[in-house]
Each structure stands twice: as structure tokens, then as C-alpha cells.
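The following note is intended for a colleague who is meeting this structure for the first time. Please read the numbered points with the sequence and the model at hand.

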Amino acid sequence: MAVYKILHYPHILLRKPSTAVEKFTPSLKTFTQNMIETMNAFEGIGLAAPQVGILKRVMIVDVRPYLENPQLKEWHGSISFSLDGEKKPLPSPMILVNPEIVRKDTEISFPFDGCLSFPGVDRGQTTRWKDIVLEAKDTDGKAVRIECNGILSICLQHEMDHLEGVLFIDRVQGKVSENEVAADIMDHEEDAATRRKMKKLKLVDARSEKLDFL
Ligand SMILES: [Zn+2]
């Protein structure tokens, strides 16, 4: 198991589109397990492969911290998950390969959008879709289908955006100063407590791993 280094804005790879996974190999499973380790280490609810420098259509999501928080009840939403056509409980964390949003409906405002590639940046109010239907594969190549709204819908859209090089600041309502955002991230990176945490985590660069699904 490894915790990967997360690329921070304005890293150039965060703006590149990712390509589909064609080979469902054992290293795809190892890679996604390490992505889960990474998301947990940084206390996120989602992470997309480009955020660790791998331009492949892979993302992980675990919205349990929201679903378990009664104060965020308004964002719990409804969720229907199926695997190979059979209804199942939502896996948490969930790994999605080659995801596609096949239906979306009704624009809404989401007040707490934020991103692990933007540490130290205040959360923003973004425009998102309320209801979506997403289709994907799991790491065995089985067909996943999710119909949802609420926080899962928002989080899936946020991670899907990463696969196109789109970032949450692009969806924030009102003007965003890219220079200010970059300066906030730099302040956070230079903070002594952050540096100590990073050192302790012994971060691995995912791009230096042998990944045979690329
Ligand atoms: Zn993000």
C-alpha cells in the first residue's frame, strides 16, 4: 500500500484530458487501492487519477462522511446502485473505471465544492446537475450503474470533470482570481504543520510506479 503525492493547482497535468482504460490488469487494482489510501490520508471524499498524475479515466468516491453527518441531511440525496444489472448496496469506497454521465437533469447550486488539488483554498459555490445517471466499470470490468442526486451526484460530477481537465474553480459562481488561488495553495504548502504531515506520509509518486494498464 502506498499514499500517492497529489498534484496541486496549477500543475499542468490537472488540465489534460484522460484516456480510457483498456486493460483491466492486477496493477489497476493495486493503483486504485493506493488511490483509496491517498484519499483517506488526505480526508477527501473523492479522487481522480489525473490528480496523482495518471491520465486515465479512473476515479474513486466515498461520500460516507457526508451521509453520516445529520447536519448535511439536505445533501444526503437518493442513491440507486447496480452491478451487472443487479441492485446492490452502494460500495464505500467505490472505484469507477471509464465512467460516463448518460443522463443529467436540473441545474442547482452546491455551496461546499472543494478539491484535494486545492489545499488551503476556501470551498466555493458551484453550479452542478441535481440528478444524474452514471455508467462505468469496476476493476473487474463489471458494469456499474448509479442513479443519484445529493452529495454523491455532486461528487461524481466533480471527479468526472477531472478526467476532462476541468477544475471546480471553473464551475464556481462569480469571479475567481487564479493568482489568489495559487497563492493560497502555496501558503498552505509552506506551512510548517503541512510540511510535517507530508514528511510523515512518505508520499509516493504514482508516475514512478510500474502500471501495466496505461
Ligand atoms: Zn477535485
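1. Arg57 is a buried residue, because 23 other C-beta atoms lie within 10 Å; a residue counts as buried if 20 or more other C-beta atoms lie within 10 Å of its own, as exposed if 12 or fewer, and as partly exposed in between, with C-beta atoms placed from the backbone. Arg57 sits in the loop between E1 and E2. Helices (H or I, at least four residues) and strands (E, at least two) are DSSP runs, numbered from the N terminus.

2. This is a predicted model, in which local features need pLDDT of at least 70 and side-chain atom pairs count only at pLDDT 80 or more, while totals for chains, interfaces and linings use all residues. Residues are numbered from 1 along each chain as its sequence is written.

3. Which residues does Arg57 contact, leaving aside its neighbours within four places in sequence? They are Ser18, Thr19, Ala20, Val21, Val97, Asn98, Pro99 and Leu163, a contact being two residues whose C-beta atoms, placed from the backbone, lie within 7 Å. Val21 is 36 residues away from Arg57 along the chain, yet their C-alpha atoms are separated by 6.3 Å.

4. Met59 is one of the residues that touch the most other members of the largest nonpolar core, together with Ile60, Val61, Val63, Leu96 and Cys155. This core has 49 residues; a nonpolar core is a set of buried Ala, Val, Leu, Ile, Met, Phe, Trp, Tyr and Cys residues joined through C-beta atoms within 7 Å. Several elements each supply at least two residues of this core, including helix H1 (26-41), strand E2 (58-61) and strand E5 (94-113). Helix H3 gives the largest share, seven residues. Apart from neighbours within four places in sequence, the contacts of Met59 include Gly46, Leu47, Leu96, Pro99 and Leu163.

5. Lys202, which follows H6, has a positive phi, near 50°.

6. For the protein chain as a whole, the secondary structure comprises six helices and seven strands. The radius of gyration, taken over C-alpha atoms, is 17 Å, close to the 17 Å from the globule rule for 214 residues, so the chain is as compact as a globular protein of that length. That rule is 2.2 Å times the number of residues to the power 0.38. Buried residues make up 35% of the 214 residues. Of the contacts with a separation of 6 or more, 77% join residues 24 or more positions apart.
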